[in-house]
Amino acid sequence: MTSQIAPPAPTGTPSAGYRLRWAGLAVILAAEVMDLLDTTIVGVAAPAVRQDLGGSDAQIQWITASYTLAFAVLLITGGRLGDLFGRKRLFVLGAAGFTLASALCAAAPGADTLVAARTVQGLFAALLIPQGLGLIRGMFPPGQLGAALGLFGPVLGLSSVLGPTLGGYLTGADWFGLGWRAVFLINLPVGLLTVFAAGRILPADRASTATAAGDPTDTRPGRIDPVGVLMLGLAVLLLVYPLVQGRELGWPLWTFLSMAASVPTVWLFTVQQRGVLRRGGTPLIEPSLFAKRAFVSALATGLVFFAALSGLMLVFTLHLQLGLGWTPLHAGLSMIPLSIGVVVGAVLSGALLAPRYGRRVLHLGMVLAAAGALGLWATAGGADGLSSWQLAPSLALAGLGLGLIMAPFFDIALAGVEESETGSAAGVLNAQQQLGGSMGVALLGTAFFGWAGTDGFGAAAGRTYGLVAALLAAAFLIAFLLPRQARPDGEGH
């Protein structure tokens, strides 16, 4: 494969990999942690924000929703910008903007200002996060790529648990009278260190050139397609906005009309993108991606899987706090067995199992995760007076399954993706995660609250854990469409 986005010669040959690749991976993971913490930490602080700043129910909901929506709308564009103008450049820009926006959030004098600052955070996160997969693909040789991607599992698993726990601690501790503002200030040292380290450690890369559009004589960077950006942003907005707001508003008719309108908008976007390609321009999403079996199958599998994952995290937290009356800190600490399971599963998968067994490891992970969800149903459904220890075995089993899935999923999804397509592919994969998560929260959150209103929180949680297991079973079946190995011959494509 001829790379159009490559580090300079001194960084190493493709077979050897970039000299500072593991340090570079640490920088990329730090950015992922910063984003995930910001996604999970704010919900715990929301009651304190309202007590301090006031604001309506809708404004408080939008403190979380504005970040998610801005992130989802610009993700694919952010990945494409990395292809066109250099991934390191966009990574540093995104990290710097995210850090500045975090400071603005901490200094917000009112709810409206905080929502606006959170929107800016989401926009810069959409520039930052899609660059990670492309940078990793460029830094690591094929033989180490699976192990590198496998580290995402334990790091993201720990971050997902640390977020609510850290949010509850910082808000309750009220250091220096900062209260909830500390959950945003925690990003400043991490963000500044990430910006500095990225500039020093990540490999320099060049923008993709117009050769990807078919002109071998033109070496100028391609141009972003503004019409495509607007059309894709509208399509994502029409779908994600009602998913974010629908449950809180009781699913009025306009939410379903909006989601339905996203379908023809996507179709118009694809027509417009084909026209851009025919005219020799640079499409926002590389059409060649959708001719790759591994990539398309991974999108379908991941959509269902991330819906199950997000729904499980939401329902578990709601069950512990609303049903059992636990504090946010207690609920967060109770998720530690899940995190430990994710770490163990991801290490085993990335280092040992996934390179040898490929898709079978992904299937095994889905079986174990579904078994853990069913165990939670058996343990928690309808029961009162539960302890964290009673929930621990099922949580650990679910975490082990989730960890096993991480390494083979991303490796298989990127199998056969060319370097010039990686930014676009990463943006689509990240957008798929956001969409799957929004769908899971909407579907399982609605089911949980519906059952809770008639049968109580315990029974509602149990049944919803059963729905999580059903979604994982569906992902298990869809995953048969994936290739058995990311690299059947053991080499890169």
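Which residues form one aromatic cluster with Tyr67? Phe71 and Phe98 do; the three make up one cluster. Rings of Phe, Tyr and Trp, the last by its six-membered ring, pair if their centres lie within 6.5 Å; planes under 30 degrees apart count as stacked, over 60 as edge-to-face, and the rest as tilted.

Before I go on, the conventions. This is a predicted model, in which local features need pLDDT of at least 70 and side-chain atom pairs count only at pLDDT 80 or more, while totals for chains, interfaces and linings use all residues. Numbering starts from 1 along each chain as its sequence is written, and side-chain values use heavy atoms, with hydrogens and water left out.

Back to the rings. A pair of aromatic rings is described by the distance of the centres and the angle of the planes. By the rule I gave, there are 12 aromatic pairs. Take tyrosine 241 and tryptophan 254: their ring centres are 5.6 Å apart and their planes stand at 35°, so this pair is tilted. Tyrosine 241 sits in helix 10 (residues 226–249) and tryptophan 254 in helix 11 (residues 253–278), 13 residues apart. Helices here are DSSP runs of H or I with at least four residues, numbered from the N terminus. Tyrosine 241 has a relative accessible area of 27% and is partly exposed; tryptophan 254, with 35%, is partly exposed. For those words, buried means under 20% relative accessible area, exposed over 50%, and partly exposed in between, with a 1.4 Å probe and protein chains only.

Phenylalanine 290 and phenylalanine 295 have ring centres 6.2 Å apart and planes at 75°, so they are edge-to-face. Phenylalanine 290 is partly exposed at 44%, whereas phenylalanine 295 is buried at 0%.

Phenylalanine 290 also takes us to the second largest pocket, where it is among the residues closest to the centre, with Ile76, Leu232, Val266 and Ile285. A pocket, on a 1 Å grid over the protein atoms alone, is an open set of points where a 1.4 Å probe fits, with protein on both sides within 12 Å along at least five of seven lines; lining residues have an atom within 4 Å of a point. This one holds about 690 Å³ of space, the volume being that filled by probe spheres set on the points, which are joined across faces, edges and corners. The lining has 23 residues. Helix 11 gives the most, with seven, and helix 2 (57–85), helix 10, helix 12 and helix 17 (422–455) are among those that supply at least two each.

Helix 12 (residues 293–323) also holds threonine 301. Threonine 301 is buried, at 1% relative accessibility. Its side chain reaches the backbone oxygen of serine 297 at 2.9 Å. Leaving out residues up to four places away in sequence, threonine 301 touches Met366, Phe409, Ala475, Ile478, Ala479 and Leu482, where contact means heavy atoms within 4.5 Å.

Last, charges. How many salt bridges are there? The count is two, taking a side-chain nitrogen of Lys or Arg within 4 Å of a carboxyl oxygen of Asp or Glu. Aspartate 52 meets arginine 181 at 3.6 Å, N to O. This pair links distant parts of the chain, 129 residues apart: aspartate 52 is in helix 1 (residues 21–53), and arginine 181 is in the loop between helix 7 (152–173) and helix 8 (182–185). Aspartate 455 meets arginine 463 at 2.7 Å, N to O. Aspartate 455 is partly exposed at 40%, and arginine 463 is partly exposed at 32%.

Terms used. Polar contact = N/O pair within 3.5 Å; in protein donor to acceptor, adjacent residues only side chain to side chain.
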